Amino acid sequence: RYAVHRNTVTHALVEAFEAAYPVLRALLGSECFGRLARDCARARPPRTAVLAEYVAVLPDFLAATSLVNDVPYLGE
């Protein structure tokens, strides 16, 4: 049961990231962005129930990934 709940929460968080960062999703492609969003959601779980506040963690998470080395303008 826990795995189902975890996957449902992760999916909701990925959708929140997609809604908040549509240009980044278009630049990276849906598969790469989805992987990035899932990794972020699992590494940095929400500390607030307000998703509009939570999605602000993605830029810092992105800056700490090697993806920025591959695509330098993403850090901006």
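**View 1. The cysteines make zero disulfides.** A disulfide here is a pair of cysteine sulfur atoms within 2.5 Å. The sulfur of Cys32 sits 13 Å from the closest cysteine sulfur, which belongs to Cys40, and that is too far for a bond. Cys40 is likewise in no disulfide. With a relative accessibility of 0%, Cys40 counts as buried; buried means under 20% relative accessible area, exposed means over 50%, and partly exposed is in between (1.4 Å probe, protein chains only).

A quick note before the other views: this is a predicted model, in which local features need pLDDT of at least 70 and side-chain atom pairs count only at pLDDT 80 or more, while totals for chains, interfaces and linings use all residues. Residues are numbered from 1 along each chain as its sequence is written, and side-chain values use heavy atoms, with hydrogens and water left out.

**View 2. Phe17 and Tyr54 form a tilted aromatic pair.** The count for the structure comes to one aromatic pair, and here it is: the ring centres are 5.4 Å apart, with 45° between the planes. To pair, rings of Phe, Tyr or Trp (its six-membered ring) need centres within 6.5 Å; planes under 30 degrees apart count as stacked, over 60 as edge-to-face, and the rest as tilted. This pair links distant parts of the chain, since Phe17 belongs to helix α1 (residues 2-20) and Tyr54 to helix α4 (residues 51-54), 37 residues apart. Helices are DSSP runs (H or I, at least four residues), numbered from the N terminus. Both Phe17 and Tyr54 are buried.

**View 3. Arg25 reaches Glu18 in a salt bridge.** A salt bridge means a side-chain nitrogen of Lys or Arg within 4 Å of a carboxyl oxygen of Asp or Glu. A search of the whole structure turns up two of them. In this one, the N to O distance is 3.6 Å. Arg25 is partly exposed, at 33% relative accessibility, and Glu18 is partly exposed too, at 26%.

View 4. Glu31 counts as exposed, at 61% relative accessibility, whereas Arg35 is partly exposed, with a relative accessible area of 39%.

Methods: Helix = DSSP H or I, 4+ residues; strand = E, 2+ residues; numbered from the N terminus.
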